Amino acid sequence: MADLIAADAGTIGEPAVNISIFAVFVLITLVITFKASRNNKSAADFYAAGRNISGTQNGLAIAGDYLSAASFLGIAGAIAVYGYDGFLYSIGFLVAWLVALLLVAELLRNTARFTMADVLAFRMRQGPVRTAAAISTLVVSLFYLLAQMAGAGGLVTLLLGVSGEAAQAFTVVVVGALMIFYVLVGGMRGTTYVQVIKATLLIIGAFVMTVWVLGKYGFNLSALIGGAIDSGGQAVAEPGAQYGLSNVTRLDFISLGLALVLGTAGLPHVLMRFYTVPTAKDARRSVVVAIWLIGIFYIFSLVIGYGAGALVGREEILGAPGGVNAAAPLLAFELGGTALLGIISGIAFATILAVVAGLTITASASFAHDIYASVIKKGQAPPNSEVKVARITAIVIGAVAIGLGILALQAGLNIAFLVALAFAVAASANLPTILYTLFWKNFTTQGALWSIYGGLIACVTLIVFSPVVSGAAVNPTTGKSTSLFQDVDFHWFPLNNPGLVSIPLSFFLGWLGTKLSKEKPDAVKYAELEVRSLTGIGAEKAVQH
Amino acid sequence: MTPPTDRKLLTPEEYRQAQASPEFTELRRRFRSFAVPMTVAFLAWYLLYVLLSTYAHDFMSTQVFGNVNIGILLGLGQFVTTFLITQLYVRHAGRSTDPIADEMRQRLEAHEFAGPREETPRG
């Protein structure tokens, strides 16, 4: 195994096999996307798939959206290398869904049309709140995109045998171009079908690997963990391998935990999926299906992660191109050789494409619907022009994502960790405002603006001045710092994840802004919001074709 | 593009009447009496788990059987409670809130909250 990696300039398996499996996936999904594009005329079709997706399908699509490269590669890698501390990611990511299920999904489906801003601006002054919500949507989506693109580049380096910065950059460009194509042609319906297929493949793939790994250890969890301990030391079974080093890293762990559990229900691309089903009950059904699929998948990743630690080995993973993110593909190669590696990496690649497409459509919908149609054109945009603007925005966002992806790739950040930052922004800027809007009668425009901008600015500022961006210690294995920028140090905030500070701050600012507000809350609009959110009267209907 | 033609919009007054009605008060009470305490409970349980993992290293590393320690069991316990709460919510919604919500929606569509017990002029 080690010889193979060394001999082949950092590639494992047969690049030709990997490329062909991936090409098959791209071809199949392209055909489906074309078929889905027939009914893509109106905004409801383009953004919300005509609200005709069934609850179960949408549950699969949500799982597809959520089980991004971060979940598959990042979590398995974190468990393989850090053991127990990696496990926390999956628990936070899963428990977070209860916030969405109990407090957000159905109420949102009942009150909004296309975007998160629809509900946030419902009983507020439209212009300022929509603008704020759209900006925050764009920032969260870009962070998330960054993680996915970095994952794509790293994966390709490992699997397709391309190395060198130019070749990696080229791969990121190809991924970006493909995703723009899916979004332009397929809209939300095409994107949904791609997610459904991908989620199915991913869960089956993870299931096969899980059974395979467990089979090697006589279906005994204790023996599997024992294998991981033999290879990585006792620490992998206990908390603290990654975060237990000092008081600062312990606080960082809590900050991460908070961001994970409160982030999901504020992720715009997750919220947007609730609009693709006909009714609130279907939205509930989709979250329930998603919770089961995601939970079962994370149990698989626990086994896959420990399996990679035991069978591939910690040092091997850290030394491979792609680093921590390479654990699952390396394990696939160890288990099933070239064929399984090709299948698993094809799935992982498909995962990235599908998630990136979902993010792009969310960001472009938010710009076209909230900024262009509602703020710039004051709701007077000519029919079809909104969708046209959304398509143009998708191209721009794709281009930005490509640029950022190349940057992130070269820094070699763990993608689960990058995604955790997107969660921190979502939990800080979006969730407090969503909850206040839905449940607090006296919430005002000023409160909404303070909590969105306050949470957003605090969160992004703290990230910029954290070790993520500059000044992290140099990793002796790779000789590089884990920061985005090498050789500079302007950090003063000690934690990698800002959630511990920025989330409570945003809740506080929403409360303070409301209390100091001169204008009275709009009681009439709140009555409408409350009655609509709980009864479903006046909710947007599915489009009839 | 979404034509609001065949949808009869409700007036602000109807929403106010509906919001003030006893059945809506009951609907809101039933919804919140499940969602709020349950949210507090699962967040507290999750944060307890995170804090234990961070500050109670030795306790979490206590081996229960073989190499499986308390930390891993509590972690798997988070999965179990998440699945459990999901199913409890589905049952609660189906039995307790859906019937009121469905009934109120039908009456709102028929404009039965339009005024203090008067027939609405619009059919």
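At what angle do the axes of helix 2 and helix 15 of chain A cross, and which residues meet there?

Author: This is a predicted model, in which local features need pLDDT of at least 70 and side-chain atom pairs count only at pLDDT 80 or more, while totals for chains, interfaces and linings use all residues. Residues are numbered from 1 along each chain as its sequence is written, and chains are lettered from A and ligands numbered from 1 in the order in which they are written.

Helices here are DSSP runs of H or I with at least four residues, numbered from the N terminus. Helix 2 (residues 15-36) and helix 15 (residues 327-376) of chain A have axes that come within 8 Å and cross at roughly 45°. Axes are lines fitted to C-alpha atoms over the stretch in contact, with angles running from 0 to 180 degrees between N-to-C directions. The crossing of helix 2 of chain A with helix 15 of chain A is right-handed, meaning that the near helix is turned clockwise from the far one by less than a right angle.

From helix 2 of chain A, the residues in contact are A:V17, A:N18, A:I21, A:F22 and A:F25. In helix 15 of chain A they meet A:T338, A:G342, A:I343, A:S345, A:G346, A:F349 and A:A350. Contact requires C-beta atoms, placed from the backbone, to lie within 7 Å. By class, this contact between helix 2 and helix 15 of chain A has seven nonpolar, five polar and no charged residues. Ala, Val, Leu, Ile, Met, Phe, Trp, Tyr, Cys and Pro count as nonpolar, Asp, Glu, Lys and Arg as charged, and the others, Gly among them, as polar.

Elsewhere, A:A49 has a positive phi of about 50° although it is not a glycine. A:A49 is found in the loop between helix 3 (43-48) and helix 4 (55-66) of chain A, and counts as buried because it has 29 C-beta neighbours inside 10 Å (20 or more is buried, 12 or fewer exposed, in between partly exposed).

Terms used: Helix = DSSP H or I, 4+ residues; strand = E, 2+ residues; numbered from the N terminus. Contact = placed C-beta atoms within 7 Å.
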